[in-house]
Amino acid sequence: MRLDQEDAASVCGDVALEMIRLKTIAQCRDAHAEGNYYRDAEPYIQKQWEGVIWPIIKDLDFTDVLELAPGHGRNTEHLRRLAGSITLIDVNPNCIEACRERFGEQRDGCTFRYFVTNGDSLSMVDASSHSLVYSFDSMVHFDSSVVRAYVHEIARVLRPGGSAFLHHSNYGTVAPNSDWAHNPGNRSDMTAERMRGFAEEAGLDVAFQRLSGLADGWGLEDLDAFTVLRRPALA
Ligand SMILES: C[S@@+](CC[C@H](N)C(=O)[O-])C[C@H]1O[C@@H](n2cnc3c(N)ncnc32)[C@H](O)[C@@H]1O
């Protein structure tokens, strides 16, 4: 087979993208493997939940929630009071173990399931099995290639009519590269616009989106975005 220069460039481009994706998954996993972050972040969640998160998610369906990248479960503590079941999925086994220790298999009528992901897949979860996918203060670090893969997975695991609340970076408008660890707040190359494009590709509607900055407690104006995606209901 003859490979011309254009083919070679496109193959090399694909390999380079794949290397970036794998590198950023490993880097982001290892940066959050342990440390004082989880203990230090815990006291802030009450204010974030009441002031920022709840106004956006209050009308969503909490019957069967999938929380992506829960860390040590500070959001889960709020979600479990609303949900019938929560599936917790994180790339770090010790985060999943910390959540299992904290919540067990069942608490106050909410059942819990726990999985470790390879970093961009929800393959352990059945199609159309969840009413809500929730991720706060985690996806802000995920490279856009990783977010793209997760958005496709989210489209698969949501029930028709189900929603995803996603807190992600918008710092790609300033630094559109994958050097997230050097960006303010370790924000990735994601943008609100890219999220709308990934949603369209995956067949999801954008039900809500707003930028998030100083008023929400982040260090820069428009650093992040909140997006609610919706899987269209069956006709
Ligand atoms: C900054 S912590 C936030 C945890 C939690 N959401 C919170 O608000 O406390 C980031 C979390 O993302 C997880 N993580 C990092 N990369 C991931 C990936 N590619 N897929 C799933 N989880 C990931 C880390 O293990 C960690 O639990």
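1. Let's start with aspartate 108. This residue is exposed, because its relative accessible area of 63% is over the 50% cut-off. Aspartate 108 belongs to the loop that links β3 (106-107) and β4. Its backbone is worth a look as well: phi of aspartate 108 is near 45°, which is a positive value in a residue other than glycine. Please keep in mind as you read on that this is a predicted model.

2. Now turn to another aspartate with a positive phi. Aspartate 137 has a phi of about 65° although it is not a glycine. You will find aspartate 137 in the loop between β5 and α6 (144-157). Is this residue buried or exposed? Aspartate 137 is buried, because its relative accessible area of 13% is under the 20% cut-off.

3. The space it takes is the largest pocket. Around the ligand there are 21 residues, and the closest are Arg74, Asp90, Asn92, Phe136 and Tyr150. Sorted by class, this shell holds ten nonpolar, eight polar and three charged residues.

4. Which atoms of the protein come up to the ligand at aspartate 90, valine 91 and asparagine 92? At aspartate 90, an N or O atom of the side chain is 2.6 Å from an oxygen atom of the ligand. At valine 91 the backbone takes part instead, with an N or O atom 3.4 Å from a nitrogen atom of the ligand. At asparagine 92, a polar side-chain atom is 2.8 Å from a ligand oxygen atom. As for cover, the ligand has 590 Å² of accessible area on its own, and the protein covers 99% of that.

5. Leucine 122 sits in the loop between β4 (110-116) and β5 (130-135). With a relative accessible area of 0%, leucine 122 is buried.

6. Next, have a look at arginine 80. Its place is the loop between α4 (76-79) and β2 (85-90). Arginine 80 counts as buried, because its relative accessible area of 7% is under 20%. What does its side chain contact? The side chain of arginine 80 makes a polar contact with the side chain of glutamate 77, at 2.9 Å.

7. Another joins the side chain of aspartate 216 to that of serine 212, at 2.6 Å. With 14% relative accessibility, aspartate 216 is counted as buried.

8. Finally, visit a helix. Isoleucine 96 is part of helix α5, which covers residues 93-103. Isoleucine 96 counts as buried, since its relative accessibility is 2%. How far is its C-alpha atom from that of asparagine 170? The C-alpha atoms of isoleucine 96 and asparagine 170 are separated by 27 Å, and the two residues are 74 residues apart along the chain.

Notes. Residues numbered from 1 in each chain as written. Predicted model: local features only at pLDDT ≥ 70, side-chain atom pairs only at ≥ 80, totals over all residues. Heavy atoms only, no water. Near = heavy atom within 4 Å. Polar contact = N/O pair within 3.5 Å; in protein donor to acceptor, adjacent residues only side chain to side chain. Areas by Shrake-Rupley, 256 points an atom, 1.4 Å probe, with all protein chains shown as cover. 1 Å grid on protein atoms, 1.4 Å probe; cavity = no way out; pocket = protein on both sides within 12 Å on 5 of 7 lines; lining within 4 Å. Sits in = over half its atoms within 2 Å of the grid points. Nonpolar A, V, L, I, M, F, W, Y, C, P; charged D, E, K, R; others polar. Helix = DSSP H or I, 4+ residues; strand = E, 2+ residues; numbered from the N terminus. Buried < 20%, exposed > 50% of the residue type's maximum accessible area, 1.4 Å probe, protein only.
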